[in-house]
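User: I've got this fold up on my screen and would like to talk through its helices. Can you walk me through them?

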Amino acid sequence: MLMERTDVQQVSNAMMNMLHAEEIDIINDFHDAALAKDVEKVDELFAVVEFDVEDHFSEEEQMMEESQFYGMQMHKSEHDTMRGKLKKLRENWDKTKNPELVIRFLEDDFKHWIVLHISRWDSETAMHIGDTN
Ligand SMILES: [Fe+2]
Ligand SMILES: [Fe+2]
């Protein structure tokens, strides 16, 4: 297990909290598969992670657009940075199928990123959007 659902802050929007909880579950399965060096399972879950992360980011971006959140560009650019890192990881994974790459990415980068991103950007965005979704 990479992290607990409680490692990330609850924000004031139920939809966002749900997206975060789901993502942590998927990421934990992905991490478990990589630790087990189960290449087939990592392959399968990689597609699920890509879909889920894109769904998470684009849902938030749509909510920000609808509510005209003043920090949208900055928040979105943090998503774009992570989109780029995930794309790079995908390229390296396809070339090497080395589970260690996935483990290093999740433990050294993604985990810290998501905790900080939620406490910095998602919480502020959620306060702006409110809980109307
Ligand atoms: Fe988020
Ligand atoms: Fe976000």
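User: Which residue just after H3 takes a positive phi?

Analyst: Quick housekeeping: this is a predicted model, where local features need pLDDT of at least 70, side-chain atom pairs count only at pLDDT 80 or more, and totals for chains, interfaces and linings use all residues. Residues are numbered from 1 along each chain as its sequence is written, while chains are lettered from A and ligands numbered from 1 in the order written. Helices are DSSP runs of H or I, at least four residues, numbered from the N terminus. H3 covers residues 72-96, and the positive phi, about 50°, just after H3 belongs to Lys97.

User: How do H2 and H3 run relative to each other, roughly parallel or roughly antiparallel?

Analyst: H2 (residues 39-67) packs on H3 with the axes 11 Å apart, at an angle of about 170°. Axes are lines fitted to C-alpha atoms over the stretch in contact, and angles run from 0 to 180 degrees between N-to-C directions. Angles under 35 degrees count as roughly parallel and over 145 as roughly antiparallel, so H2 and H3 are roughly antiparallel.

User: And how many charged residues are in the contact of H2 with H3?

Analyst: Contact means C-beta atoms, placed from the backbone, within 7 Å. Glu50 and Glu61 of H2 take part, as do Lys76 and Arg83 of H3, among others. Asp, Glu, Lys and Arg count as charged, and the number of charged residues in this contact is six.

User: What angle do H1 and H4 make?

Analyst: Phe30 in H1 is one of the residues that meet H4, where Leu106 is one of the partners. H1 and H4 are roughly antiparallel, and their packing angle is about 170°.

Technical notes:
Helices (H or I, at least four residues) and strands (E, at least two) are DSSP runs, numbered from the N terminus. Angles under 35 degrees count as roughly parallel, over 145 as roughly antiparallel, 65 to 115 as roughly perpendicular and the rest as oblique. Two residues are in contact if their C-beta atoms, placed from the backbone, lie within 7 Å. The expected span of a helix is 1.5 Å times one less than its number of residues.
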